[in-house]
Amino acid sequence: MTTINNQDPRALPTLQKLGSTVDPNIDVQAIANSWFTRFSKAVCDQDVPRVVDLLLDDVWWRDMLALTWDFHTFEGKNVVSKFLEDQLKDLVELQQPYEDIAWIQALFDFDTNVGHASGVFRLVPLPDGSWKAHVVYTNLENLKGFPELNGSLRDHQPNHGKWAAKREREREFLDEEPSVIVVGGGHSGLDVAARLKMFGLNALVVERNEHIGDNWRKRYAALCLHDPVWYDHMPYLPFPPSWPVYTPALKLADWLESYAHSLELNVWTSATVASITKETGDSGKRWSVRVERGDGRKRTFKVNHVVLALGIGSGVPRIPDIPGQVQFKGQVLHASEHKLATDHSGQKVAVIGSCTSGHGVELFWGGDPSTDVADRVNASFPNHLAALMQQRVTKAVAEADKELLDGLRKVGFKLTFGRERLWLFLISVEEGRRVLLWSVLREHLDACNVGASQMLIDGKIKLKSDGPIKQFTPTGLLFEDGSTLDTDVVVFATGTSTSTDKIQPIWGLDEEGELNSAYREIGGRGKKGKELAGLWCMMGNLALCRFHSKHLALPLLWADGTDTLHRRNQSL
């Protein structure tokens with residue numbers, strides 16, 4: 001093993017730290033081939049010391065299902081060695097994201113006992129001219145014997161005039177019960193339903209709105225995605241090449257409806273899950289799920305798996321409990337209830353909160369690599385390591401937006417770069433709150449500055465940030481410093497709530513730096529995990545749900561394997 005002298009065990013592999021330099025003309029293919037040949041032979045020989053000798057002392061190894069049936073990040077030589085002892089071409093390029101950091105990145109494929117997997121490794125240079133791995137990532141792609149039912153495995157039978165009746169029977173589950181209930185028909189629910197369908201698992205999606213896409217269609221009129229289209233593709237059916245870079249909410253709503261129809265997903269709209277209880281009968285299933293439909297029909301399903309695809313906060317508004325609201329003579333609403341600015345023409349409006357919804361609010365540009373490759377490369381950075389990179393990104397963005405940030409500071413806007421200068425990374429991932437900090441609005445980087453920041457600087461939007469609210473008054477708000485603000489409308493732009501007090505945390509990072517519960521069973525790995533086995537969580541933005549919907553589907557498929565294989569063989 002190669003030891004790197006640094007008192008901080010969690011640091012980027014800078015050339016100074018490694019005591020090394022890089023010749024830009026090196027033969028990266030030869031170096032990667034040499035390293036991977038030795039690596040793969042050592043793995044096949046189950047020779048853990050030889051594997052470990054190819055890794056840095058402060059190596060990172062991140063695994064998603066391929067070797068552990070879970071999400072794990074193993075940090076450091078000793079932890080990785082223990083992990084390997086327990087568990088036991090390629091896109092290659094020299095990358096230099098910063099002047100003082102260089103690595104050779106390569107992608108590879110391999111098989112495990114149960115499935116087909118992929119991996120990413122990054123080699124860094126050492127003073128003696130050798131290269132060793134600083135990061136290894138392994139990811140389960142598919143299970144052996146369970147290919148996805150598309151391409152050559154699609155339905156080859158002609159259908160003359162029977163399709164509509166067949167789809168109606170499938171959608172109503174008149175001939176068979178669903179294998180999985182998915183609660184929520186937004187993009188996360190549709191993604192996982194599509195994955196399950198391709199693996200031969202029959203899922204029922206229960207959506208409370210009247211139409212698929214209403215969760216976007218019924219929001220404020222100016223809403224538009226701020227992630228570019230190539231970041232937001234959904235499984236199996238990417239957006240057309242003519243699609244705008246930033247998707248309007250209404251357009252996304254229509255797309256979700258079209259997506260469900262095109263992939264023949266079984267969705268009950270105007271329906272709610274009234275209860276999910278432990279199954280105590282002789283069905284052999286884990287859960288009893290009672291579904292109530294808008295027309296009064298009720299039906300109870302016995303299933304082994306329920307996927308909760310309810311979004312971060314389940315769409316429940318977080319409204320602070322401020323005394324005196326009953327005496328306020330104006331209107332109070334949450335940002336989720338806001339539709340049009342013209343609804344309040346001629347009125348004074350106080351917006352509480354200054355984050356994404358308050359301002360009326362990424363950096364992966366289009367082109368190569370493909371979405372599948374980009375997802376793997378992105379996931380190959382363990383979250384604790386990605387945080388170190390994010391510190392540099394935060395600094396660069398702040399420097400690029402110095403003029404804008406200085407203007408905001410001048411008018412009293414309180415900026416923050418997040419804990420340890422990690423900006424959005426820890427705010428949205430570790431803290432589990434959907435908060436964008438204005439310290440990183442960057443108009444020239446095509447991100448999220450829709451003009452509100454400049455309007456604050458120009459005084460066209462007034463700002464009060466010198467103290468918390470004490471209570472409502474009949475005509476507005478009283479602050480703790482004794483000042484008042486008269487207003488006709490109070491809009492709480494304060495995000496959504498989380499209700500995870502009865503289970504282990506959902507979202508936020510665990511001690512390894514992996515997301516709690518997301519894309520896995522919500523009970524976790526301890527005793528609670530057995531009690532809540534079969535209850536899964538699906539949440540996140542379009543990109544996360546595209547990638548991780550398969551991570552949810554694969555272990556669910558494995559747990560349901562025998563029955564699924566029998567059904568697939570019958571259909572094929």
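**Reading the model**

Guide: The protein chain has 17 helices and 20 strands, where helices (H or I, at least four residues) and strands (E, at least two) are DSSP runs, numbered from the N terminus. This is a predicted model, in which local features need pLDDT of at least 70 and side-chain atom pairs count only at pLDDT 80 or more, while totals for chains, interfaces and linings use all residues. Residues are numbered from 1 along each chain as its sequence is written, and side-chain values use heavy atoms, with hydrogens and water left out.

Visitor: What percentage of the residues in the protein chain is buried?

Guide: Buried means under 20% relative accessible area, exposed over 50%, and partly exposed in between (1.4 Å probe, protein chains only). Of the 572 residues in the protein chain, 48% are buried.

Visitor: Why is strand β4 described as largely enclosed by the rest of the structure?

Guide: Strand β4 (residues 101-111) is largely enclosed because eight of its eleven residues are buried.

Visitor: Which strands pair with β4?

Guide: Two strands pair if DSSP finds at least two bridges between them. Strand β3 (residues 92-98) runs antiparallel to β4 and is joined to it by five bridges; here L94 stands opposite I104 in β4. These two strands form a hairpin with two residues between them. On strand β5 (residues 115-125), eight bridges make an antiparallel pairing with β4, and F110 stands opposite A117 in β5. The hairpin from β4 to β5 passes through three residues.

Visitor: How should I read charged side chains?

Guide: Side chains of opposite charge can pair when their charged atoms come close. A salt bridge is a side-chain nitrogen of Lys or Arg within 4 Å of a carboxyl oxygen of Asp or Glu. By this rule the model has 29 salt bridges. In one of them, K17 meets D58 with the closest N and O atoms 2.8 Å apart. This pair links distant parts of the chain, K17 being in helix α1 (residues 15-18) and D58 in strand β1 (residues 55-64), 41 residues apart.

Visitor: Are K17 and D58 buried or exposed?

Guide: K17 is buried, with a relative accessible area of 14%, and D58 is buried at 13% relative accessibility.

Visitor: Where do D406 and K402 lie?

Guide: Both lie in helix α12 (residues 402-410), four residues apart, about one turn of the helix. Elsewhere, salt bridges that share partners join D214, R217, K218, D254 and E257 into one network.
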